[in-house]
Amino acid sequence: MSITVGSDLKVIVKIPLGMSSEVAVNFIHEKKEWIKKQISKVEKQKKIAAGLGILSDCEIRKLKKKARNVIQQRVEHYAGISGINYNRIFIRLQKTRWGSCSRDGNLNFNCLLVLMPLEILDSVVVHELCHRKHMNHSKQFYAEVEKIFPDYRKCSKWLKENGGIYFKRLGNCEEHESE
């Protein structure tokens, strides 16, 4: 079972086929406080994003150009420190991800990262580089990340709490919080 709170504040509950409505209703009641918290979080993020303004196509093009330079430098920096190699770097405007790493060693990053504090961007760079050693989210993976970037957990928490603001600046984005 899962509950999702969308940008439009709609609450969607998914239950397995054949599950009784009583079990689903109990699940919703158990998650009532979480749902309220997510609705409040989405409302707050929407308000902050509205104050910052929706990004225009021109602003997004400029962001991508800036991101190509900044992220390339940060990847080179941390690749040098860690001794981790990579293939190519791609900068995209993604509506649900900050970064990813392919099996071929290609690193993908969201151009919105350059709007954030540099340590947040760096935490995503290190996260994706470490996937070159561990293509999973195991204890070994996180140990490698924290060895290179000790403040990773703090930055990850910041990104989880504030990242939605940046997605909401895209306007019609469908970023969701799920439980």
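**Basis.** I am reading a predicted model, where local features need pLDDT of at least 70, side-chain atom pairs count only at pLDDT 80 or more, and totals for chains, interfaces and linings use all residues. Residues are numbered from 1 along each chain as its sequence is written, and side-chain values use heavy atoms, with hydrogens and water left out.

**Helix pair.** I noted that H4 covers residues 118-130 and H5 residues 139-148 (helices are DSSP runs of H or I, at least four residues; strands are E, at least two). Their axes lie 9 Å apart at an angle of about 135° (lines fitted to C-alpha atoms over the stretch in contact, angles from 0 to 180 degrees between N-to-C directions).

**Nonpolar patch.** I found a surface patch of about 410 Å² made by Met-1, Val-11, Val-13, Ile-15, Val-23 and Ile-28 (residues with over 30% relative accessible area and no salt bridge, nonpolar side chains joined within 5 Å; a salt bridge is a Lys or Arg side-chain nitrogen within 4 Å of an Asp or Glu carboxyl oxygen). Strand S2 (11-14) and helix H1 (21-30) each give two or more residues to the patch. Val-11 sits in S2 and is partly exposed at 38% relative accessibility (between 20% for buried and 50% for exposed, 1.4 Å probe, protein chains only).

**Lys-36.** I placed Lys-36 in helix H2, residues 32-52. Its relative accessibility is 48%, so Lys-36 is partly exposed. Between Lys-36 and Val-5 I read 9.6 Å, C-alpha to C-alpha, across 31 residues of sequence.

Methods. Patch = residues over 30% accessible without salt bridge, like charges linked within 9 Å, V, L, I, M, F, W, Y side chains within 5 Å. Areas by Shrake-Rupley, 256 points an atom, 1.4 Å probe, with all protein chains shown as cover.
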